[in-house]
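Please keep the structure in view while reading.

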Amino acid sequence: LSYQAGTSYIIQGLHMHLFDSNRVSANSTDSDTADSGFVFPPTWILCTCFITLLILIPIEQYVISPWITKLKWEKLLLPTIRISCGLLFLTVSFVIAGIVEYIRVTNYVNCKKHSEVLSDCIIEQRIGATIYYATKMHVAYQIPQFVAMTWGQMLTLTGIFDFAYKESSNDTRGLVMSAFFFICGMGTLVALFGLKVANWYN
C-alpha cells in the first residue's frame, strides 16, 4: 500500500504549485523561454520520508522504547501492536491525502466559477518536455501525509520483520525473508502492470 500511495502522492504533487517552479504562461508558445529559477521536482517531496525516518529511528530506539520499558508497558512493543499502529498511521496518511485532494479540486472549481480567466486558477508548469496543469495549492501541503506514511512504514516493517524472525525457525528465517521481499516485488510489478493497462484504456 505504501509503495502505491507514494507514487500516487507524486502524481498528486505534479498538479500542485511547486517551489520556485518555472512557469509557462497561458499564452506562451513552444518558442517562448521559461522564467529563470530553480525547479522543485515533485519526486523530491519523497525526501520528507527519508528525513523523517532518520529522525524517528534514534528517537524510537533511545527515547520511546526505553521509556516504555521503564513504565513496564512492554506489550506495546509486541510486533502485532507495532503492525497495528503502523497500519493506523498509513490510514491517517491516506485520509490526509484525500482531504488535500478534495481541497485542491474544490479550490479549482470555486476559482473557475468566479473567474473567467483560466490562468487565475491554473498554473502551467513545464517539467522537462511535459507541461502539467496545476492548481495554486502549494505542494508543501503534502508533507503531513508523507510524514504519516513514514511513521506507518517504520512501525509496520519493523513489526513484520520482528514477527517473522521470532516466529520462524532457524532453518526457515532466510526463506521467510526472501518470501517477503519476493511478495513486495510482485506487488510492485502488479501495480506497474495495472498502470500500463489504465494508460492503454485511457
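A residue is called buried under 20% relative accessible area, exposed over 50%, and partly exposed in between, with a 1.4 Å probe and protein chains only. Helices (H or I, at least four residues) and strands (E, at least two) are DSSP runs, numbered from the N terminus. By these terms, Q145, F146, A148, M149, T150, G152, M154, L155, T156, G159, D162 and A164 of α4 are buried.

The model is predicted: local features need pLDDT of at least 70, side-chain atom pairs count only at pLDDT 80 or more, and totals for chains, interfaces and linings use all residues. Residues are numbered from 1 along each chain as its sequence is written, and side-chain values use heavy atoms, with hydrogens and water left out.

The chain comprises 5 helices and 3 strands, and from the N terminus on its elements follow the order α-β-α-α-β-β-α-α. Of its 202 residues, 28% count as buried. Contact here means heavy atoms within 4.5 Å. Among the contacts in the chain with a separation of 6 or more, 69% come from residues 24 or more positions apart.

Two helices may be examined for their length.

Two packed helices are described by the angle between their axes and the distance between the axes. The axes are lines fitted to C-alpha atoms, for helices over the stretch in contact, and the angles run from 0 to 180 degrees between N-to-C directions. How do α3 and α4 cross? The axes of α3 (residues 79-114) and α4 (residues 143-167) come within 7 Å and cross at roughly 160°. The two helices are therefore roughly antiparallel, given that angles under 35 degrees count as roughly parallel, over 145 as roughly antiparallel, 65 to 115 as roughly perpendicular and the rest as oblique. Their contact holds 17 nonpolar, 8 polar and 2 charged residues; Ala, Val, Leu, Ile, Met, Phe, Trp, Tyr, Cys and Pro count as nonpolar, Asp, Glu, Lys and Arg as charged, and the others, Gly among them, as polar.

Helix α4 also packs against α2 (residues 47-70): the two axes come within 9 Å and cross at roughly 45°, so α2 and α4 are oblique to each other. On the α2 side the contact is made by T48, C49, T52, L53, L56, I57, E60 and I64, and on the α4 side by I143, F146, V147, M149, T150, W151 and M154. By class, this contact has 11 nonpolar, 3 polar and 1 charged residues.

Within α3, the residues P79, R82, G86, L90, S93, A97, V100 and R104 are buried. An α-helix has 3.6 residues a turn, so residues three or four places apart point the same way. A97 has a relative accessible area of 8%. Leaving aside neighbours within four places in sequence, A97 is in contact with Y9, Q12 and Q145. A97 and Q12 are 85 residues apart in sequence and 8.8 Å apart in space, C-alpha to C-alpha. V109, also in helix α3, is partly exposed at 35% relative accessibility.

Q142 lies in the loop between β3 (130-134) and α4. Q142 is buried, with a relative accessible area of 0%. Apart from neighbours within four places in sequence, Q142 is in contact with Y9, Q12, G13, M16 and I45.
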